[in-house]
Amino acid sequence: MSDRLRPREVALLDGETLAVPHQVASIELIETGPDGFDFGAFLEHVEDRLAFVPRYRQRVRVVPGRLAYPVWADDDRFDLTYHVRRSALPRPGSMDQLLDLAGRIVSRPLDRSRPLWELYAIEGLAGDRVALVTKTHQALVDGAETVDLVQLLLDDKPEVGPVVPDLWDPPELQSSAGLVAGAVLEAVTSVSGLAASARSLGGFALGRVTGVARDVQNTGQAIARVLTRRTPERPTPLSGVVSQQRLVVTLAADLADFRRIRDAHGGTVNDVILAAVTGGLRAWLMTRQESLAGVRQVPALVPVSVIDEELDPTQLGSAVAPHFVVLPVAEPSPVVRLHQVSYSFEQHKETARTVSAQRLAGISGFAPATFHMVGSRVAAESEHDYLLSVCNVPGPQEPRYAAGCRLVASYPIHPLAEGHTLAIGVTSYDGQVFFALTADRDLVPDASLVGQCIGEALDELLDTASGRRFRAPRGLRVVKNAGE
């Protein structure tokens, strides 16, 4: 069985480099219970759920001569033990050790000769916990035909249901001549197929030309830097030429704290999260002795779930669209920062049918995994200028289980876009809010400080909600003099 990749998927594959792989990762922490972790049973659980997502046993095959877009083809040598790997930390493993390992895992691109996903079961963590580190290519999950594997692995009950008979039987591998014949037949019998072939050939030629032009541009910029001893553009800590290595930083907080701030100042929990990120960035920039006169605002891309007939729908009942907001890092007042962020989203609600957090949290399975994947695709495809992507997805507030083991934490790890040094994923689940920061190891070696500053910014907002500080009014008010 095979079907052709769509233009968006081809662009995600063609646009990635060794330094900028287009893959989304996550860290799911589970409690093993008194019987410990049975890797064999977990492997069977994964194999059982693959019956619902055939794409996870398919690989990308390129049509010779690029006569058409590549196809998804069943992998006749699919090896589950290659994709689901068992690892361990020296007991008792710490969170820092896990994050160091996760950073190395997400730094490595996926093998394109195999299905584009990997899952690591990492044992040895303190507290009898196991970490499930997943890594999936953005082209694999579209939210419409394929959802994220984590969503399917997690159940709302600890009891494992009956195993579904797996009837998957990969056909004989199609030859290169067969791929060419299929492309030609599709082109001559379908207008859309002919257009796809033309786009594929045009894209190949354009890619070669674009690559040469990029090399010339980079060479010119390098010469300019040597001759003038200055860079063509003013660098910022959130932009630069990224390396191949990543750092992962995590942060957890009580959801009740965000709700308390929301109740005191208005807005939404999402507004409070962005305000905490803004305050954290402000404090971090100041530790770097950055002039806030030069970095007064940080343009950010925030994917949001909307109802829009013109956008590609998902199986989750809504589409994901980009929303651009300016994070006021130069504003010293935490409450004013919150109001400014909240105002931006109020404007968005007037022009878009935004899906409520309650509705997203009520979707069956563990929908945040798929929403984060689709949100990362939206960020990768955006042509709008921004410095930071922040994707927040509300999740269920009841426990979820993987092969009988309770999920206790979920950290979404978003990829870095070209020229970006930091990305942030956020998920709320079971009374907590989990942040994951992805940073370039060379350009942001102090990424852990960013996480610390976000935590301190949240504490600052909590202090304003206690009633001990002056509360800024929402919106602008005109106060007339008594004599007027």
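Thr250 sits in strand 9, residues 246-254. Helices (H or I, at least four residues) and strands (E, at least two) are DSSP runs, numbered from the N terminus. This is a predicted model, where local features need pLDDT of at least 70 and side-chain atom pairs count only at pLDDT 80 or more, while totals for chains, interfaces and linings use all residues. Residues are numbered from 1 along each chain as its sequence is written, and side-chain values use heavy atoms, with hydrogens and water left out.

Is Thr250 buried or exposed? Buried, because its relative accessible area is 18%. Buried means under 20% relative accessible area, exposed over 50%, and partly exposed in between, with a 1.4 Å probe and protein chains only. Contact means heavy atoms within 4.5 Å. Leaving aside neighbours within four places in sequence, Thr250 is in contact with Met95, Leu99, Tyr411 and Phe435.

Next, Asp100. Asp100 is in helix 4, residues 95-107. Asp100 is partly exposed, at 32% relative accessibility. Asp100 and Val249 are 149 residues apart in sequence, yet 9.0 Å apart in space, C-alpha to C-alpha.

Now the chain as a whole. The protein chain has 13 helices and 16 strands. Of its 484 residues, 50% are buried. Take the contacts with a separation of 6 or more: residues 24 or more positions apart account for 79% of them.

Seven strands form an open sheet, in the order 5-6-7-2-14-13-8, with mixed pairing. Which strands stand at the edges? Strand 5 (84-93) and strand 8 (154-155); each has a single partner strand, so one side of each is left without a neighbour in the sheet. Two strands pair if DSSP finds at least two bridges between them. Strand 2 (residues 23-31) and strand 14 (residues 405-413) pair in the antiparallel sense, over 7 bridges. Glu28 has Ser410 of strand 14 as its bridge partner.

Helix 2, residues 39-49, lies across strands 5, 6 (117-125), 7 (129-137) and 8. Helix 2 runs at about 140° to strand 5. Axes here are lines fitted to C-alpha atoms, for helices over the stretch in contact, and angles run from 0 to 180 degrees between N-to-C directions.

Helix against helix. The axes of helix 1 (residues 7-14) and helix 12 (residues 368-381) come within 11 Å and cross at roughly 75°. That makes helix 1 roughly perpendicular to helix 12. Angles under 35 degrees count as roughly parallel, over 145 as roughly antiparallel, 65 to 115 as roughly perpendicular, and the rest as oblique. Arg8, Glu9 and Leu12 of helix 1 make the contact with Arg377, Ala380 and Glu381 of helix 12.

Helix 8 covers residues 255-265. Its buried residues are Leu255, Asp257, Phe258, Ile261, Ala264 and His265. After helix 8 comes Gly266, with a positive phi near 90°.

Last stop, Leu443. Where is Leu443? In the loop between strand 16 (432-440) and helix 13 (447-464). Leu443 is partly exposed, because its relative accessible area is 30%. Not counting residues up to four places away in sequence, Leu443 touches Gly240, Val241, Val242, Arg288 and Thr421. Leu443 and Ser243 are 200 residues apart in sequence and 8.1 Å apart in space, C-alpha to C-alpha.
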